[in-house]
Amino acid sequence: MMIDNPYLPVKTEVLDVIEESSTIKTFRLKPESFLHFKAGQFVEMSIPGKGEAPFTPSSSPYEKDKLEITIMKAGRITSMIHSLKKGDVVGLRGPYGKEYPLSEFEGKEILLVGGGVGLAPLRALFLALVHDIEKYKNVLFCCGSRTPADIIYKDCVLDKWQNLDKKRIKLRITVDRKDDSWKGNVGLVTTTIDMLDINLKNSVSIVCGPPIMMKFATFKLLEVGYRPDQIYLSMEKNMSCGVGKCGHCRLGSFYACKDGPVFRYDKISHIHEIWD
Amino acid sequence: MDLYFINKPNLDRLVKSLSKTYKIFAPVKADNKKFYGEIGENGLGDSVIGEIRAVEPIKSFYFPARTKIAEYFSTKGSDKKEKPIAIIGAKSCDLASFKVMDYVYAQEPFCDPFYISKREEGLIISSDCTCYGETCFCVAIGIMPYPTENFDINLSELDGGYVAESGSLKGEKIIKEYFKLFQVTELHIEKKDSNRKKLKDDLLEHVKKSNLPPKDSVQAAFKSKFDSNLWEEVAKTCVECGACNMICPACHCFILMDQKNENSFERLKMWDSCLLMSFARVAGGANPRKLLAQRMRNRFDKKFNFFPDTIGRFGCTGCGRCTEACPGKIDIREVLSKLQ
């Protein structure tokens with residue numbers, strides 16, 4: 001019996017490139033055979049002959065045939081990805097890892113806390129929640145960015161998503177530093193967690209962002225009364241193979257690629273080095 | 001289980017015959033050390049069945065240091081059908097590493113087809129150690145200096161030949177097929193057992209000098225030293241060459257690398273080392289193990305904490321290769337002794 005080759009990428013066309021900020025772009029992609037991902041799962045995206053890196057899709061998992069990946073220019077591979085144009089060919093493999101456990105969120109008040117490019121996985125989650133919004137009590141999406149120019153998905157977070165279902169869906173947008181045009185909140189994303197109109201007993205919170213932001217957002221959530229088992233984190237680790245073999249993304253007795261990247265905080269809070 | 005005796009000329013005949021089906025490797029001496037060399041139609045030649053393990057680990061055959069695993073967007077497998085591999089003279093410390101490799105590479109839902117096909121098609125004719133090396137300490141962590149698992153046929157060297165024991169259906173089939181080369185024996189069993197006992201006792205005596213913690217207390221001892229300055233101390237002479245990882249039969253980590261090859265793009269799977277700075281680093285520079293001491297601790301964490309939790313075994317087989325390979329003279333036994 002021939003086992004499928006888990007290291008072989010699927011040929012994928014770049015349909016569009018959307019500039020989100022000076023360092024972040026969203027790539028709209030069409031793989032030859034679709035990768036049916038669930039919100040929170042990740043894929044490996046490659047430049048043929050150059051290398052690959054892991055990303056969590058940011059589009060709705062309900063969208064068929066196409067997916068979007070939002071990528072910050074941060075290293076060798078992401079710099080090459082940033083120079084891609086419409087019509088270019090890349091590789092994709094996946095989806096891998098554990099998704100956000102949506103069934104555990106049903107009937108609950110859901111708090112999403114995202115920072116910078118960490119909004120990407122949360123966007124896929126948010127769209128999945130919105131798709132079945134009647135299953136959830138309500139959703140509060142707290143988005144933090146460094147400056148107004150760094151806000152990604154501007155047309156969504158500043159406009160479209162504000163008017164989805166005003167009773168059930170609320171957004172809190174904040175920037176660390178404002179400019180002259182900014183009329184909204186100023187402060188770190190943790191400040192948006194200060195005054196919550198949420199019944200904490202029936203709530204879950206989901207955090208994604210740069211390591212330092214994840215750390216302080218988690219501590220803030222604990223401080224306002226969330227229990228560790230009510231906090232979900234998307235852990236960014238060096239995931240090379242994506243299938244639990246290459247050893248790079250080990251986190252205590254887990255591999256981020258197969259046991260995560262979504263972890264409930266109480267399962268990993270004892271592990272050293274999780275915030276680094 | 002029936003035991004058989006096969007004399008040296010007959011083993012030579014068996015090897016010659018098996019070489020039609022298998023690409024055969026056995027330890028061959030060079031510079032007073034043993035390295036695996038290809039043997040075949042010419043029989044055993046000057047290969048060494050007894051003594052101790054070869055310099056390189058057996059993983060090299062099942063999970064080569066550098067191997068092509070994909071060509072961009074081509075779903076066709078390789079047309080080249082290579083002969084499966086047979087290893088003769090593999091030792092217990094190498095066979096024990098299959099527990100780790102099998103767990104990693106055959107684990108659902110994504111199995112590694114390259115490793116699995118080599119394992120399934122391959123043949124292992126192992127052998128007892130007939131002496132021990134200075135750095136050997138397998139018995140201290142529960143592994144015997146003679147194979148107890150993961151072999152198709154095992155050979156215990158005696159005067160003039162070997163006691164052969166089958167360890168799998170594949171091994172049994174070979175013995176049946178070449179029955180004329182073997183003789184049923186009871187005569188040699190006592191000698192085999194006394195040889196094994198003597199070597200085990202000698203080795204137990206040898207490892208006493210290293211003052212190793214009892215095997216059942218190693219994991220707890222590691223945990224108790226997690227936050228100590230032991231790791232800085234151990235890392236002092238480490239030059240981050242990664243030799244300990246490469247030479248370890250149980251180190252399984254690899255990295256995927258892409259490269260252009262004439263008209264195609266190919267993907268390689270290459271051994272990687274957790275002692276290298278880049279191992280856990282992510283884009284943007286965040287690195288959970290920036291310090292060498294953290295990476296050194298991670299190496300022991302994986303071997304003596306992670307694997308006991310996940311497969312109930314150490315990710316170390318006591319072969320002592322890392323100690324031999326280390327230019328910084330880091331002795332794994334010394335590190336283990338300092339855990340207590």
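Author: Start where the chains meet: 39 residues of chain B are in contact with 35 residues of chain A. This is a predicted model, in which local features need pLDDT of at least 70, side-chain atom pairs count only at pLDDT 80 or more, and totals for chains, interfaces and linings use all residues. Residues are numbered from 1 along each chain as its sequence is written, while chains are lettered from A and ligands numbered from 1 in the order in which they are written.

Reader: What makes two residues "in contact"?

Author: Their C-beta atoms, placed from the backbone, lie within 7 Å. By that test, 35 residues of chain A and 39 of chain B qualify across the two chains.

Reader: Which element of chain B gives the most to the side that touches chain A?

Author: Strand E10 of chain B, with six residues. Helices (H or I, at least four residues) and strands (E, at least two) are DSSP runs, numbered from the N terminus. Other elements that supply at least two residues each include helix H3 (92-105) and strand E11 (264-271) of chain B.

Reader: How many residues on that side of chain B are nonpolar, polar and charged?

Author: There are 23 nonpolar, eight polar and eight charged. Ala, Val, Leu, Ile, Met, Phe, Trp, Tyr, Cys and Pro count as nonpolar, Asp, Glu, Lys and Arg as charged, and the others, Gly among them, as polar.

Reader: Why is strand E2 of chain A called largely enclosed?

Author: Six of the eight residues of E2(A), residues 24-31, are buried, so the strand is largely enclosed by the rest of the structure. Buried means 20 or more other C-beta atoms within 10 Å of a residue's own; exposed means 12 or fewer, and partly exposed lies in between, with C-beta atoms placed from the backbone.

Reader: How do you know that E1(A) and E2(A) pair?

Author: Pairing needs at least two DSSP bridges between the strands. E1(A), residues 10-19, and E2(A) have seven, in the antiparallel sense. A:Val17 stands opposite A:Phe27 there.

Reader: Which strand do six bridges join to E2(A)?

Author: Strand E5 (residues 67-72) of chain A, running antiparallel to E2(A). Here A:Lys25 stands opposite A:Ile71.
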